[in-house]
Amino acid sequence: MPDTVIRNATIIDGTGAPRFVGDVSIEDGHIAEIGEISSSVVDLEVDATDLVLAPGFVDVHTHDDGALMQHPDMTFKVSQGCTSVVVGNCGFSAIPAVTGESTLDLSGVEASWNDLDGYRDAVEGSNPAVNAMMLVGHNTIRTLEMKGERGAPNDRQLLRMREHVELAMQQGACGFSTGLIYRPGRWADTEEVLDLAKAVAPFGGIYATHMRNENDHLLEAVDEALHIGAEAGIAVQISHHKAAGRRNWGKVTESLAKVDAAVAQGARVTLDVYPYTAGSGPMVQYFDINNPDPELAQVIQLASCPAFRGYEGRMIIDIASELDMSASETVQHILTAPEGKQTICIQHVMDEGDVVTNLRHDRVMVGSDGIPDLTGRPHPRLFGTFPRVLGRYVREQGVLDLESAVRRMTSLSCDVHGLQDRGRVAVGNWADLVLFDPSLVLDVASYEDPKRESVGINNVWVNGQLAFEEGHHTQIGAGRVLRYREH
Ligand SMILES: [Zn+2]
């Protein structure tokens, strides 16, 4: 007997197929029946008239490794309709780690684990509201094995790094990630990355990359990513595809053409995008502290700034004029202050036309890249990404249709990242589901007021348990750390 029946829903099943009206029942965490359901004695019956029932959204690009424990209710994700997150992106993962030390992801939580099995225990012990899938990060393993060494690894170091990748894959990671724009990833040559990418091939894992360059040398960076995928014989996920800097706007058309050409030759390549024209990340990574780029400094806003909380939400140029400094001097002033290196900034460097080009492409999935530091004013993508695609780009602008948007938030994401038996409204699949109002769904988080939950998301189920009910977080933590392609 089902425990939940959702009646009269407009079902968008995640495959891209046209919507249809029907009932869906949930039993023991799974979708039990789809169609006209007669059972009447159930714990919960939901009238879904005029609402869309879709598979729960999968945020394929997150930095939630630590947040699953620091904020297990994951309100910023659940309120968007997300039921799973992929962690360990951009080369920064919370595994491997040294017990008792800070992790080498963006959260820097104190690790009570060394490997993915230990991390899984710690996360599941926190009862997170959503599921997670892990990528093992190159920056993390390189820092562990080479500290700050800039040269190529010696044989022993390379072997140790390869062992970290293999162990993570054995324990259920979906692949290997890089952040080649960041330190220490930028010091790795293509051969080093390729050697490590090859270690995921026997497991059928993927190579997810924040590429070496996203501005003047974007196209060369795409070539490098495609080369690594081809040589290692694995699928490539290009992270947060973009062209930064005004002179590069429009280039995403060329890089998507490169992807299309590679796919036509048999390569497996997909991408993700967040629907905003600003990026965000650790400020220390974007500037040479001795000589900060004055042009970039013009378009920087501060998200979290432990050294100067009063600067949060403000543009560098405004702070600079107040301090009677140049923008570059202001960047130095912040980065050299105690805790200055923990500053997270927002860079207004992209073009709206490129966001639209990305969203139109059927190999582009949705990923927030949100950085879950809730103390400051995070980039609004942390709270708004999925409803923004559904409201602004589907309903208001007609950039893509709803079935296609849902597919690129669900089945495509699950197939590539190995979230088995998820991402489709199908009998026998896990009941990760979202119920939303297509006429209302919209982000309301802004750069000025970024921690606002979206509107139009009604209910969210994770593994059959109700995580979000009529705008309220139930605090039921039914999420799990998933294993790649495990039934
Ligand atoms: Zn990144």
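Mentor: What follows is a description of strand E18 and its two partner strands. The model is predicted, so local features need pLDDT of at least 70 and side-chain atom pairs count only at pLDDT 80 or more, while totals for chains, interfaces and linings use all residues. Residues are numbered from 1 along each chain as its sequence is written.

Strand E18 covers residues 457-462; strands (E, at least two residues) and helices (H or I, at least four) are DSSP runs, numbered from the N terminus. Six of the six residues of E18 are buried, so the strand is largely enclosed by the rest of the structure. A residue is buried if 20 or more other C-beta atoms lie within 10 Å of its own, exposed if 12 or fewer, and partly exposed in between, with C-beta atoms placed from the backbone.

E18 pairs with two strands; pairing requires that DSSP finds at least two bridges between the strands. With strand E17 (residues 433-436), the pairing is antiparallel, over four bridges. Here Val434 stands opposite Val460 of E18. With strand E19 (residues 465-469), E18 also pairs in the antiparallel sense over four bridges. In this case Asn459 stands opposite Glu469 in E19. E18 and E19 form a hairpin with two residues between the strands, and Asn463 takes a positive phi near 50° there.

As for the wider setting, the domain assignment, which is automatic or from a database, gives domain 1 as 4-55 + 425-473. Domain 3 is 279-348, and the C-alpha centres of domain 1 and domain 3 lie 41 Å apart.
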